Amino acid sequence: MRKQASPPAATGGGPGSLDAGEPAGSPMEKSWGFLRRYPVVALTLLVLLATLVLVQFGLELQVRILASAYAAVIVVARAAGMVRSLRGGRWGIDLLALMAIASTVAVGEYLAALVVILMLTGGEALENFAQGRAARELRSLLDRAPRFAHREESGAVLADTPIGEVAPGDVLVVRPSELVPVDGELLSDSATLDESSLTGESLPVERIRGEQLLSGAVNGVAAIRMRAAATAADSQYSRIIALVEEASNSRAPVVRMADRYAVPFTLLALAMAGTGWLLSGEPLRFAQVLVVATPCPLLIAAPVAFLAGTSQAAHKGIIIKNTRTLEQLAKAQSAVFDKTGTLTSGRPVLDEIRVAPGHGETLGSRKILQLAASAEQYSSHVLAASVIDAATAAGLRLLPVQQATENATHGVEAVCDGQQVVVGKAGLVRSSSTGFREPAVHSGQLAVHVAVDGGYAGALIMKDPLRGNAVDTLARLRSLGVQNTMLLTGDARATAAHIAEEAGIGQVQAECLPEDKVTTVAALAERPVLMVGDGVNDAPVLAAADVGIAMGAKGATAASESADVVIMLDDLSKVAQAVAIGKRTVAVALVSIWTGIGLSLVLMAIAMTGYIPAVAGALLQELVDLATILNGLRALHGADKKPSAGRKHGPRRLPAA
């Protein structure tokens, strides 16, 4: 990881902080929290109240002194920030605001000056609150981070241990409804866990002894024991927090583009204000125009929309590591896919059973599968679990095994319910049986051979099937403007071509090394390019693509570290959903920007005629800011249409014996 995340402490709500805008506790605590978070807003309200009281008593001189002094303090204090904005290329906002304050004081509109100050500081506070609202889903990860673990000491005594002191090998107890503190191995017989905050999957998952537990999952109704496999900093939850922090602190090109809009907008506002002064001969008209031109909502609209988009994505199990990626997703023209584990499930399934003449026909397909699965219980081969799953799906009971010997990488020999069974590669089964024959297999298929009592019984034909939603996902990507698709894999050309044809992918590049993938993606002309992969060997090309998307990597592999987007749930349709969220977010941001500009121009045009008093103009501009913020928050919703049900690609049901 580029950075490690420690369990977060409670922090104040400065602009952009993830807990901004939502103080908790009693009304008194909330009031104090507001004063602590927004002291300038509170002070401005106090000065404005004092000014109104003094006006009621006819103390004009005191009003002039109080308002002028306070406005001067604000102008001086904001001047430093304006200089920083000038150096950063953002000079429209602060310049217009300070000129509006100075001009209203100069023409004697003291109340308007205070309203502009309140509008300026209140708008920033409102933006801060809106960002806190938009970041709710991201913030929930930080709020729920485990801080202590129950570690078993000698004599089975539990000690509450700070999360940072847990070491691999420690035995921990997780009580009901608690979060799993670190990644580890389940020692209890079984556990029911809620992993929705990690994967987006709302249904509880079942784990059995020996399976991996992910930190951040919520335990069910029974206490469980586990053995820590990693420190807190190296565990799943901390990795997700690091991704979230990276997402929340970034800025997108479209936001900088909004900053650049402020330059011509400022010049136009000054020109309109000067024209109003020139035509009317009244300096007051200059102040009235500037009041409705500031603060410009440009810097409020886009950040709120982009943070809302990343929040919506996180809620759906899609971690977007920087908001620049949202704009790239919105403009994507090409999508490149890895094959194994991305377009396909990455786990072979039983496609069919080829029964050998004679001995195999006597046994029948179901008996062959039952014996093979029973023997595979004692195999560590990657295909063993797939064979067992196929037998279970067919309703077959696994037979008792009296003896089993595994030949590493070749297969397993076992005595199952009194019958001698050999399961594995052709070489092992050929040497252990008579009547062996090599079955013909198609592209993407693999044969697992079975011999029973010294005679060849047949072969289990396995394949890595196309994901059930792959076709619909590709179709939706095309509807979103991603017209160019490519399959990029290190697998054999025939297998890759078969999968590409089945999925509807236009181009195929097979038998690729990692460096070949990088070269191919770099050479694509239709950009931006999305690269979707899941393995360690995909890490270089994910980093090289305009947008790298790690599929189902759960934030723990080199692929997820190199990617711009990490899909926590092993669901290919999330790729299209990420593109849809990007498109909607950019559209909402641009609508907000132009809405703010348009409303401000209308108000400036009216103010040039003198029909909008300075105080009323300041209040109207606050409504413009509010409208752009509310529009930006629309990116929290929408873009969640799911692909329609399509043809499925899964294991076939076995025929009855």
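Helices (H or I, at least four residues) and strands (E, at least two) are DSSP runs, numbered from the N terminus. By that count the chain has 24 helices and 22 strands. This is a predicted model, in which local features need pLDDT of at least 70 and side-chain atom pairs count only at pLDDT 80 or more, while totals for chains, interfaces and linings use all residues. Residues are numbered from 1 along each chain as its sequence is written, and side-chain values use heavy atoms, with hydrogens and water left out.

**The chain as a whole**

- Among contacts (heavy atoms within 4.5 Å) with a separation of 6 or more, 67% join residues 24 or more positions apart.
- The accessible surface of the chain is about 27900 Å², and carbon and sulfur atoms hold 59% of that area (Shrake-Rupley method with a 1.4 Å probe; for residues, only the protein chains shown count as cover).

**Helices α10 and α23**

- Helix α10 (residues 283-293) packs with helix α23 (residues 573-608) at an angle of about 165°, their axes being 8 Å apart (axes are lines fitted to C-alpha atoms, for helices over the stretch in contact, and angles run from 0 to 180 degrees between N-to-C directions).
- That angle makes α10 roughly antiparallel to α23 (over 145 degrees; under 35 is roughly parallel, 65 to 115 roughly perpendicular and the rest oblique).
- The α10 side supplies R285, Q288, V289, V292 and A293, which meet S600, L603, M604, A607 and M608 of α23.
- The residues of this contact of α10 with α23 are 7 nonpolar, 2 polar and 1 charged (Ala, Val, Leu, Ile, Met, Phe, Trp, Tyr, Cys and Pro count as nonpolar, Asp, Glu, Lys and Arg as charged, and the others, Gly among them, as polar).

**Helices α15 and α16**

- Helix α15 (residues 365-376) and helix α16 (residues 384-393) cross at roughly 135°, and their axes come within 8 Å.
- α15 is therefore oblique to α16.
- In this contact, L369, A372, A373 and E376 belong to α15, and A384, V387, I388, A390 and A391 belong to α16.
- The residues of the contact of α15 with α16 comprise 8 nonpolar, no polar and 1 charged.

**Residue T489**

- T489 lies in the loop between β18 (484-488) and α19 (493-503).
- T489 counts as buried because its relative accessibility is 3%.
- Leaving aside neighbours within four places in sequence, T489 is in contact with D338, K339, A496, Q509, A510, E511, C512 and K517.

How values were computed: Buried < 20%, exposed > 50% of the residue type's maximum accessible area, 1.4 Å probe, protein only.
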